[in-house]
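Dear colleague,

Please find below the structure that I am handing over to you. I would be grateful if you would read my notes alongside it.

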Amino acid sequence: SSATSGNYLFVNSKLLGSKESLVLWKESSVIDVYDLVKNRYEFSFYVEDIGKSKLRTFQVFNDTFIGLIGNHIVRYQLGDRFKQTQISPDLTV
């Protein structure tokens, strides 16, 4: 699953990265963050499982990550880095 907020794309990655801990990967969901304006990968963060339940779906609103894990709703503040950056309306692509 994936979501966007501002200039960022958030992807729930199902692949183990070459530098990731197998134990941590098995006990959490990995969210990869991409900057859509700069067209590059930024970083990843982990959302811990609750019991044996993994992240099922999520949305990002400005700097707030809201996810559904089993029957639980989780909320994380992502910080100032994720305040929406506005693109100039006269920008042509």
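The notes below go from the overall fold to the sheet, the core and individual residues.

This is a predicted model, in which local features need pLDDT of at least 70 and side-chain atom pairs count only at pLDDT 80 or more, while totals for chains, interfaces and linings use all residues. Residues are numbered from 1 along each chain as its sequence is written, and side-chain values use heavy atoms, with hydrogens and water left out.

Overall fold

The chain contains 1 helix and 7 strands; here helices (H or I, at least four residues) and strands (E, at least two) are DSSP runs numbered from the N terminus. Along the sequence these elements follow the pattern β-β-α-β-β-β-β-β. Of the 93 residues, 32% are buried, where buried means under 20% relative accessible area, exposed over 50%, and partly exposed in between (1.4 Å probe, protein chains only). The chain exposes about 6400 Å², with carbon and sulfur atoms supplying 54% of this area; the areas come from the Shrake-Rupley method with a 1.4 Å probe, and for residues only the protein chains shown count as cover. Among contacts (heavy atoms within 4.5 Å) with a separation of 6 or more, 35% are between residues 24 or more positions apart.

Three strands form an open sheet in the order 5-6-7, with antiparallel pairing; two strands pair if DSSP finds at least two bridges between them. Its edge strands are strand 5 (55-61) and strand 7 (72-77), each of which pairs on one side only. Neighbouring strands of this sheet are turned by 20° against each other on average, direction ignored; axes are lines fitted to C-alpha atoms, for helices over the stretch in contact, and angles run from 0 to 180 degrees between N-to-C directions. Strand 6 (residues 64-69) is joined to strand 7 by 6 bridges, and the two run antiparallel. Threonine 64 has glutamine 77 of strand 7 as its bridge partner.

The nonpolar core

The largest nonpolar core has 14 residues, of which Phe10, Ile31, Phe45, Phe58 and Phe65 touch the most other members. Such a core is a set of buried Ala, Val, Leu, Ile, Met, Phe, Trp, Tyr and Cys residues joined through side-chain atoms within 4.5 Å. Strand 2 (8-13), strand 3, strand 4, strand 5 and strand 6 each give two or more residues to this core, and strand 5 provides the largest share, 3 residues. Leaving aside neighbours within four places in sequence, phenylalanine 45 is in contact with Phe10, Ser29, Val30, Ile31, Val33, Phe65 and Leu78.

A buried serine

Serine 13 belongs to strand 2 and is buried, with a relative accessible area of 15%. Its side chain makes a polar contact with the side chain of aspartate 32 at 3.4 Å. A polar contact is a pair of N or O atoms within 3.5 Å; within protein, one must be able to donate a hydrogen and the other to accept it, and residues adjacent in sequence count only if both atoms are side-chain atoms. Not counting residues up to four places away in sequence, serine 13 touches Val30 and Asp32.

Two asparagines with positive phi

Most residues other than glycine have a negative phi. Asparagine 39, however, has a positive phi near 55°; this residue lies in the loop between strand 3 (28-35) and strand 4 (40-48) and is exposed, at 69% relative accessibility. Asparagine 62 also has a positive phi, of about 55°. Asparagine 62 is located in the loop between strand 5 and strand 6 and is partly exposed, with a relative accessible area of 37%.

With kind regards
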